[in-house]
Amino acid sequence: MQLRQAMKEEDGERGVTTGVTPPAAEQDPAVRGSKVWSKVRAVAFNLLSLIVVLLIWEVMAERANSPYFPAPLHILAAFVQLLQQGDILGNSLWTHINASVYRLLVGFGLGVALGVPLGLLMGLYKNLYVSMRAVIEPFRFIPPIAWIPLAIIFFSGIGRYAFLIFLGAFFPVFTATLVGVGRVEPIHRKVFQVYGAGKFYILRRVVFPTVLPDILGGMRVGLGTAWMTIVAAELTGGEPIGLGRMMVNYSELLRIPEVVVAMILIGAIGFILNEALLLAEKILFRWRWQVSL
Amino acid sequence: MDRGNQIMVQVRESHHYGTFQVHDRIEFDVRVNEFLCVCGPSGCGKTTLLDILSGLMRPTQGQVLIHGDPVNPKKQNISFVFQEPSTLPWLTVWENIAVGLRVKKRPSAEVRRVVDDIIDVVGLRGFEKHYPHQISGGMKQRVAIARAFATDADLVLMDEPFVSLDQPTRERMQREVLDIWSRRKRTIVFVTHNLEEAVFLGDRVVILSAKPARIRADIDIDLSRPRDPLSPEFMALRSRCAALLSELSTQKDTTRSETGTRRAH
Ligand SMILES: Nc1ncnc2c1ncn2[C@@H]1O[C@H](COP(=O)(O)OP(=O)(O)OP(=O)(O)O)[C@@H](O)[C@H]1O
Ligand SMILES: [Mg+2]
């Protein structure tokens, strides 16, 4: 092909340029600088609000002066002690965290592994979904916690937790995938079909990229429900380890600082997992987020 | 090898959408390497015709044959510049242009060479890594045009491809398409509202009537190339087509004039 050459020869004579000069957004130090600056500012403000909240808490705790309203410093002390010496049963804090996160990942993984293919299948074959709606949809409204009695009867060990977390993660992922498939634009399929692409190729190259943002969104919602479910499930008993279990143990002893440590850890871990998924979304979907600007 | 008069595409079809008839006995042939332009009132079924020609849609009656075989995008080398925006938002400009080559599983060295060449032709150099949401509508349309010519298709279908481009860009793209076509001949079916464009580009212009579409006229454009839109022969052909079209729009006052004499309110 000598198209490029021909083009160059004729360009001068034509004197018409269609190409606007490309914006140098990605290289522009000023733009990048302002981006970094806005990030720094966000972090600074978050730290500031954290400090303000802690100060208010400290003041209120001093006023209340009660063992049931521990001050932030007490909480910190309890945390350090848990970290160094483990809990009253001798289990370290890491054992609890690991147990909970492991359960979460197994159940959540199952939820995604089943939710995505089933969502794709029922989204692509709408009739399948339409004729099974009455069976599938009611399950969505049974809170995972309501399954706990049955889970205790039918499962034990990791299976019990995995089952409950699976219930929490499955529906958000499944529903998001199902809805996402409906968003695939016919024109995008046509682009591939006209060059001779088959069904499977279109599934991989059109349906999947279109649905992926919805899947990730569903995963974030599912992660939230799943994480809340695991803690609730651990509260109901079973094995001696897990953040929820640790919390119950201390609440029975009326040791509020350790209870609050567990609460904060649960919140913080959920937050970190959510941020990790958000980061994955940003990296995967640069075509949606205008990160280059 | 002279295949100038050999028939490539045989169209013999009528089409209904439900009970609504869009095409009534649309019957014509396209010769190998012919540049055929199709004009007709808005909504008369031009896009429908290209959908049927490409094999993306089956007509309710009749069929389209390519070299004697029923049209099938998996067997024949076809490409399509769609009327609506058709860039894929999750792919960069470069990858969007490469789509056809990827589907056809061309070796990656070839893909790189062809895409890099065609990017210059459509004037998108420097935008390879941009995503569609970062470029203008006209640039997206040029991505679609580049994609259609990247695969070296034997049959290129173009549905009002230059509508979203400004006049100079439009003229440049017209010459560019003629250039690509004269360098490597292929069959092109080009739908346009613009009669000047049709007469400038086409070896032949087919004019459709509306509701249902029938072939109103089939006009050979025997002007030598490059053509001069200001020459008397060109003007004569152009006004002949315009007369045919405006006749259609006065007959059916629901369709709007294609000559540009009457504007939208
Ligand atoms: N999928 C469909 N179902 C029902 N009717 C349709 C469908 N697609 C198109 N039509 C109708 O068929 C007619 C022709 O549509 P088509 O898009 O082919 O027209 P067109 O000539 O390309 O119009 P334009 O010049 O505005 O692009 C229109 O009246 C339209 O309403
Ligand atoms: Mg159309």
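Ring pairs join Phe139(A), Trp147(A), Phe155(A) and Phe163(A) into a cluster. The model is predicted: local features need pLDDT of at least 70, side-chain atom pairs count only at pLDDT 80 or more, and totals for chains, interfaces and linings use all residues. Residues are numbered from 1 along each chain as its sequence is written, chains are lettered from A and ligands numbered from 1 in the order in which they are written, and side-chain values use heavy atoms, without hydrogens and water.

Rings of Phe, Tyr and Trp (its six-membered ring) pair if their centres lie within 6.5 Å; planes under 30 degrees apart are stacked, over 60 edge-to-face, and the rest tilted. This rule gives 12 aromatic pairs over all chains. Two of them are tabulated here.

| Pair | Centre to centre | Angle between planes | Class |
|---|---|---|---|
| Trp147(A) and Phe163(A) | 5.7 Å | 85° | edge-to-face |
| Phe162(B) and Phe190(B) | 5.6 Å | 55° | tilted |

The chain A pair links distant parts of the chain, 16 residues apart. Trp147(A) sits in the loop between helix H5 (126-140) and helix H6 (148-154), Phe163(A) in helix H7 (residues 158-181). Helices (H or I, at least four residues) and strands (E, at least two) are DSSP runs, numbered from the N terminus.

Phe162(B) lies in the loop between strand S7 (155-159) and helix H5 (167-183) of chain B, and Phe190(B) in strand S8 (residues 187-191), so their pair ties together parts 28 residues apart in sequence.

Trp147(A) is buried at 16% relative accessible area. Buried means under 20%, exposed over 50%, partly exposed in between (1.4 Å probe, protein chains only). Phe162(B) is buried at 1%, and Phe190(B) is buried at 0%.
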